[in-house]
Amino acid sequence: MSAPLDHATLASDQVNPARSEVLPHELPDVLDDFPQAQVLSLDCFDTLIWRDTYRPVDVFKVLPGMAGPQRARAEETARRAARILARGEDITIAEIYDRLMPAASPEVRQAAIRAELDAEATHCYAFTSTVELIRRAKARGMQVVIVSDTYLSEEMLRELIARAGGEELSAMIDRVFVSSHWRLPKARGLYRHVLPELGVDAGAVLHIGDNLNADVKGVAPFGVQAVHLKQFHAEIERQLRLEACLDTLLSDGSDTLGAPQPHRAALAQWTPQLTDTAQHFGYAVLGPIFTGYDRWLCAEAEVIGSRRGGRVHPLFLMRDGHLPLLVHQARGSGDGHAVEISRFTATAAIFTTDAAIDAYVEDQLGTDPAVIAHQLQIPPAEVKKLAAIADKTKGTQALYGLLDRREIRRFIHKAARRMADRMIAHIRHAAAPRPGDTLMLVDLGYNGSVQNRIDAVLAEALGVHVAGRYLLLREVEVSGLDKAGYFDDRHYDHDALNAMANNVAVFEQFCTNTAGSVVDYTERGAPIRRANDIKQAQSAIREAAQQGCLFFAQTQPAASRRAHRDAAMDADHWRRANAAALMRLMFLPMPYELGVFENFEHDVNLGTAETVALFHKGHAQKGLRQQGLFYLKGARRMFLPAELSEEGMATRLAYLTSSRFGMMLNVSDFTAEGGFLVPTIYSNGQEVVETRFNALPTHNGYHSLCIPIGDCRYTAAIQFGALFDWVEVYSITALPQHEHLNNTHDTASREIAMTPVLEGIEARSGNLWQCTSPHGFALINPPPRRNDTPMMLLVVFRPVTWKEGAA
């Protein structure tokens, strides 16, 4: 498959003749700007040799017999000792291990140093653009040298380069200079020793490195042409840093590599060239996740084939399987078939027995009876009658009445058998499986409901084995079927999987295609789809993001060069990096990402045309101030963490950690401290009662005051003047009590804004009130009575200054 992006989507590659900075993809051409250069001088780490991790110290986690922080502390201690004892301004690795293992024998310390070198060689690779730059330098007859701030010796560093990038790369490097030999880093003048060794004028040397302070400010004063390699743009740097943080939250703390990021090189190489934000999102976020997922799918297909024999047919379930299939094809991963089996059609095929009907209806109690009847394929005229019954209880009774009729059950049985036959014809047409083969159902997940429904149907009708392979598997019951997830309970605890699954709707939106969901098949198996109600603009953004994702799948392998790699370790690193990226997107989306999908709607896809908004930015402020973080529990929108994006990291992390660890927090944990009583005069027009209501803290200093007013019969006079000199009143609304207490007012249609009558209080600016009298109050009359529904006033305010002695 050709690259999905054309040149119009890429930033200009034109080179700035007076450059002092170079982007990763520009490295091979940078020599054109320095025709006088005779020596190419390169920094080593993060310029030529990159690590699999976010930070260098993340490699220390895999060192045997020690903890990562112990190794880091030993280095810090050794550097401090070298400065105090005037041994120079840099150190050797031997000095580090003298501090780390003071009681060990020289042989034990040497073995530990060798283990660290082995770990570095395992988790390092050469950056392809830098390798190509070296090739071009050698073709021009230039000398190529490495000048590195490192505690490794020259011999150790050259060995590491050969082991990470290959002997051919090492052979192209003429000299290696390390700060540990000269006891001096680049920022402190290492180049005063390097230049005499090179034997050329300073102006004939071009030095490139990723550290602005060391590689430019430390080198340029010697007259050397110094260029800063800007490894990542700010948004990619932040993305990778947050993903590293999320890996910490997801990992089990075992002695494994810290924050693996096998996608770093590709992101550095290509993201600066992508000008379309949706394509950028697809490349930087979707691309790594689906590339890792497809690598795992290919490995799983091989395992299944070797274990069971026969042919393995990957069946990508549309619509969410659309993007995984495209990535599978873009990577040249072998056969993959698109099949259209929705939850609706899979469920409709199972009602061949009364037990299946009864089990389904029992499981769906509380759902609209007409929706249940439609799923059962009850005759349309009967479904229409159920839909006309406004009272849900009566509708449910009518549904049970239908199911008591034998002819209705026979109709359902026949319809289910016919649906199953048409579905089987659809699969035969797509994949032509033979008895003994395996149908590997590929989907995002998350419970494998489609497989639960049709596993036995397919196995019996086709004589095949059915296996489900999902991006995320979090079964709500122990199905006993052949299922596995790229992320499942073998890798993450149930709370972590729940956190991923609960906010996955935003991810789903970028995986589908423009076709509507399948609702039936022709007798020959051709899918019959309902109309797609998703906006055209949303489809265009989705397709652009998918282009970026496919471009990553095609270009990622070429960004790095690695001499050796352990396949099992590589797979584990991709999984961890992808899980961290998925969680980061779900809980800590960046502003540009929200701009990509802020107007998206989620297609419920249950045989209906219902869509639900992903999120509404403005709802967070109102919800937080009214109820604190618990407003999220009642919201029906699908991507709630996005609503917190403007609320600061403290609020976002509180939601993230409580979700990730399934913390058993409730409202009382947030309101146990900080509440206070507000004096209120309460009247029904005949009696007057003085009482106090508890103002509970919500968010950012705001409090909510809940005052019951019955069926709109009570007036409340809130005596703010008794407590405050100044108070900020955010909102005063009336709404049904049950909506607030049950946290369902997010979708309520009966929230009424109230206008108070102020006495002894002056509204000064916006919502800011000055209480000019200690007896000042806000009188709130009840809204017009509609029925006998118990109502309440919800007053949200923030104290500004307390009256002396009131607290």
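Okay, quick definition before anything else: two strands pair if DSSP finds at least two bridges between them. The helices (H or I, at least four residues) and strands (E, at least two) I mention are DSSP runs, numbered from the N terminus.

A bit of housekeeping. What we have here is a predicted model, where local features need pLDDT of at least 70, side-chain atom pairs count only at pLDDT 80 or more, and totals for chains, interfaces and linings use all residues. Residues are numbered from 1 along each chain as its sequence is written, and side-chain values use heavy atoms, with hydrogens and water left out.

So, the overall picture. The chain has 807 residues, and 55% of them count as buried; buried is under 20% relative accessible area, exposed is over 50%, and partly exposed is in between, with a 1.4 Å probe and protein chains only. It holds 29 helices and 29 strands, and its C-alpha trace spans about 100 × 85 × 55 Å along the principal axes. Take contacts (heavy atoms within 4.5 Å) with a separation of 6 or more: 74% of those in the chain come from residues 24 or more positions apart.

What about the antiparallel sheet in the order 3-4-16? That one is open too, with three strands, and its edges are strand 3 (49-51) and strand 16 (560-561), which each pair on one side only. Strand 4 (124-127) and strand 16 pair over two bridges, and the bridge partner of F127 in strand 16 is S560. And here's helix 5 again: it lies across strand 3, strand 4 and strand 16, at about 80 degrees to strand 4.

Jump ahead to the hairpins. Strand 19 (676-683) and strand 20 (688-697) are antiparallel over eight bridges, with I681 opposite E690 in strand 20. Four residues lie between those two strands, and G685 in the turn has a positive phi of about 95 degrees. Strand 20 also pairs with strand 21 (703-710), antiparallel over three bridges, and P697 has H703 in strand 21 as its bridge partner.

Which peptide bonds are cis? One joins M318 and R319, with omega about 20 degrees, and R319 is in the loop between strand 9 (312-318) and helix 13 (322-330). Another joins G445 and Y446, with omega about 25 degrees; Y446 is in the loop between strand 11 (438-443) and helix 20 (449-462). Finally, A432 has a positive phi near 50 degrees without being a glycine. A432 sits in the loop between helix 19 (406-431) and strand 11, and is exposed at 53% relative accessible area.

Note on methods: Axes are lines fitted to C-alpha atoms, for helices over the stretch in contact, and angles run from 0 to 180 degrees between N-to-C directions.
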